[in-house]
Amino acid sequence: MSGVRATASIDVSAIERNCVRLRSELREGVALCAVVKADGYGHGALQSAQASLAGGASWLAVAGAQEARDLREGGVRDARVLVMGALSPAELTEALAADADVVVWHEEHVQAIAAAGGGRVHVKLDSGMGRLGTRDPAEASRVAQAARETPGVELVGAMTHFATADDLNDDGFFERQLATFIAWAQALKAEQPELLLHASNSAAMLRDPAAHFDMVRCGIAVYGMDPFGEDPLHRALEPALELSSYVAEVKACRAGESAGYGRRFTAAQDTHLGVLPIGYGDGWRRGLSNNAEILIGGRRHQLVGTVSMDNITVDLGTDSGAGRLRGERAILIGTQGAERVTAEDLARRLDTINYEVTCGLTPRVPRVYHRGGARIDGDSDRVAATGPQTRARPVDATTA
């Protein structure tokens, strides 16, 4: 191993292949926008953006102005960048300075952009999400007209966002949102044929080709996770992230002895515990206490006891030779031998979504990048080799 407590290893070639796979669903002329907000859903925004563009994406989307600026400063020059979130006056100036497109839904937004020097805009209709955008199609049309007529402002797109695309039993709400958007957007398109219509996230893109329009905005699927919370392999998606740690210590645990805060695990029989130096300080959620399986030595081992900030414990079993697992690599998300743990598995245990699992990995976990196991060089200390891993040598606390 590299000697760090835990590592998130990202295969950029998997991101590329996922983009190729997603583009295969699109008719000719429909653009793929890769959503790389929230540091690429925890995978690294710049590296994910570069891999997505190599896989055929032509647009990138982020939530805020700082994210757009970071992409530009990281060397992303030619791709169009869409800032989808609300912007303060200072953030608006920053987004426009990064040559990003921005989203509007009030006429005041259009005037603010003109006052800031002008820029490209996408009008957002709230067709049912209930967050940003106007619910009033007439107002949305007025905003579009204002953008056309205001010097320095260029109307580029019209958009919406689906609330229930990932719920196949949503009582027709997805279809009603789609119909609402179509009724409004088609009139705009008739007036301005080059207008870019876009609505689909990953789930909508995979659910209904009628929602593809001129561009789709895919996030979770780009990273090889399933937007419906099922097995990504069933939709030919390839998870790009592997989370690993190592067995720092192995110790005997007699029947009746406990481990961890609150003594939430007490051994029913003599066993051995492995201690892994990863915890909620790294984004491995406390809700996984007594509620996860870790892959060590090609086998599943139950996480036992409370997840603490810096450590977890796993039950290594009764085998007297369990000590040989000291220093072994441990897979928390990923594949080892014939066994596999996915972000979707963890999400179900936590009663959340796979998005939150990878977004929640903290900066304390270094992201290292590879292409199918081959080293990626770069001048960032976050870009490193992740080839075949060796056993870690635990530090002797008496000499540390």
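I begin with Arg364, which counts as partly exposed at a relative accessibility of 38%. Please bear in mind throughout that this is a predicted model. The side chain of Arg364 forms a salt bridge with that of Asp310, at 3.0 Å from N to O. Asp310 is likewise classed as partly exposed, with 31% relative accessibility.

Which residues are joined with Arg364 and Asp310 into one network? Through salt bridges that share partners, Arg5 and Asp282 belong to that network as well.

Let us turn to Arg5 and Asp282. Their side chains meet in a salt bridge of 2.9 Å, N to O. Asp282 lies in the loop between strand 14 (271–276) and strand 15 (293–296), and Arg5 in the segment before strand 1 (7–11), so this pair ties together parts that are 277 residues apart in sequence. Is Asp282 buried or exposed? Asp282 is buried, with a relative accessible area of 1%. Arg5, in contrast, is partly exposed, at 27%.

A further salt bridge is formed by the side chains of Arg300 and Glu293, at 3.0 Å from N to O. Both partners are partly exposed: Arg300 has 34% relative accessibility, and Glu293 has a relative accessible area of 24%. In total, the structure holds 30 salt bridges.

I now come to the cavities. How many cavities of 30 Å³ or more are there? The count is 2. By class, the lining of the largest cavity comprises 8 nonpolar, 2 polar and 2 charged residues.

The second largest cavity holds about 30 Å³ of space. Among the residues that line it are Lys124, Asp126, Met129, Arg131 and His161. Here the classes are represented by 3 nonpolar, 3 polar and 3 charged residues.

To close, I return to the network: Arg5, Asp282, Asp310 and Arg364 are joined by salt bridges that share partners. Thank you for your attention.

How values were computed:
Residues numbered from 1 in each chain as written. Predicted model: local features only at pLDDT ≥ 70, side-chain atom pairs only at ≥ 80, totals over all residues. Heavy atoms only, no water. 1 Å grid on protein atoms, 1.4 Å probe; cavity = no way out; pocket = protein on both sides within 12 Å on 5 of 7 lines; lining within 4 Å. Points joined across faces, edges and corners; volume = space filled by probe spheres on them. Nonpolar A, V, L, I, M, F, W, Y, C, P; charged D, E, K, R; others polar. Salt bridge = Lys/Arg side-chain N within 4 Å of Asp/Glu carboxyl O. Helix = DSSP H or I, 4+ residues; strand = E, 2+ residues; numbered from the N terminus. Buried < 20%, exposed > 50% of the residue type's maximum accessible area, 1.4 Å probe, protein only.
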